[in-house]
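Me: Could you walk me through the sheet and the pockets of this model, and tell me what stands behind each label?

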Amino acid sequence: MKSVTGVGLAEVVSVYSGTQGDFMQLLFGQQLHIGGMKASIDLAERAGVGAGFNGVDLCCCNGAGMRFLVRSRNVASMVGVDATEVVVERGQRLTREEGLEDRIRFILADACQSGLPSASADFVWSEDAWCYVVDKPRLIAEAARIVRSGGVIAFTDWVEGPAGLSDSEAQRFLGMMTFANVEDVAGYVKLLAANGFEVRVAEDTGRFASHFELYLNMMEMQLTYDVLRTLAFRSDLLETLVDGFRFLGELSRTGKIAQARFVARRT
């Protein structure tokens, strides 16, 4: 596992409380993960998440994944856990606006120690968020504690690809993204198995490169003014962002980073 020092929960909270969080919301929409609603549909179908289920979204951000599950999969209830007050408040507002507050609630807490009852959920969910969590073994253990026997864990995340990152690439990638470390597919499979999960899906979604080309095009061809506005009209920051996104696209095209999808059942 590649890692850097000096990045923790406080740094991640700061990112999502400020300009970078606003930029991500602008570029990605409410669903702050690669692939948007199509990716959510694919994950839910593979996990068999459906009507009547009760779920928990660890690192739920503004709750868009939960709103999707309640609306499109007829999930009975969702509890979202996130440590960033700004995005939790935004999520609560958006949920009220959609009239879903009776089925969705938010908890402001560290996802590694949510305080939720043990064996209280039919499934645990997350999309492209656990890359921000420093202690991934503790996070997977918390998911295992929350989900009932026979329940499911379903998540996507940014991972190191099969080609591997050089030390210099890892330092730039992790620093740019405010990740303390990055897991790979085999590493997540090992953590899931160690916590009593039978892994059923562990695969590259194949989305990363094409979607980052889309995001670059949006910044350069459609949303330039809007992005500049979030950056206080600093063109130097826009150039830095564009260069960073090109770097991420190149890493993905060469198999060094990827978005991976995981589905596992609690035995």
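This is a predicted model: local features need pLDDT of at least 70, side-chain atom pairs count only at pLDDT 80 or more; totals for chains, interfaces and linings use all residues.

Me: What makes E2 and E3 paired strands?
Reply: Strands (E, at least two residues) are DSSP runs numbered from the N terminus, as are helices (H or I, at least four). Two strands pair if DSSP finds at least two bridges between them. Strand E2 (residues 54-58) and strand E3 (residues 77-82) are joined by 5 bridges and run parallel, so they count as a pair. Within E3, Met78 stands opposite Gly55.

Me: Why are E4 and E8 called edge strands?
Reply: The open sheet has 7 strands in the order E4-E3-E2-E5-E6-E9-E8, with mixed pairing. Strand E4 (104-108) and strand E8 (197-204) each pair on one side only. From one strand to the next, the twist averages 15°.

Me: How do you know how H5 runs relative to E4?
Reply: Axes are lines fitted to C-alpha atoms, for helices over the stretch in contact (heavy atoms within 4.5 Å). Angles run from 0 to 180 degrees between N-to-C directions. Helix H5 (residues 85-97) lies across E3 and E4, at about 165° to E4.

Me: What makes a space a pocket, and which residues lie nearest the centre of the largest pocket?
Reply: On a 1 Å grid over the protein atoms alone, a pocket is an open set of points with protein on both sides within 12 Å along at least five of seven lines, and lining residues have an atom within 4 Å of a point. The largest pocket has 35 lining residues, with Cys59, Cys60, Asp82, Ala129 and Tyr132 nearest its centre.

Me: How many charged residues line the second largest pocket?
Reply: Asp, Glu, Lys and Arg count as charged. The lining of the second largest pocket has no charged residues, alongside 12 nonpolar and 4 polar ones. This pocket holds about 350 Å³ of space, and H11 supplies the largest share of its lining, 6 residues.

Note on methods
Residues are numbered from 1 along each chain as its sequence is written. Side-chain values use heavy atoms; hydrogens and water are left out. On a 1 Å grid over the protein atoms alone, a cavity is a set of points where a 1.4 Å probe fits but cannot get out, and a pocket is an open set with protein on both sides within 12 Å along at least five of seven lines; lining residues have an atom within 4 Å of a point. Grid points are joined across faces, edges and corners, and a volume is the space filled by probe spheres set on the points.
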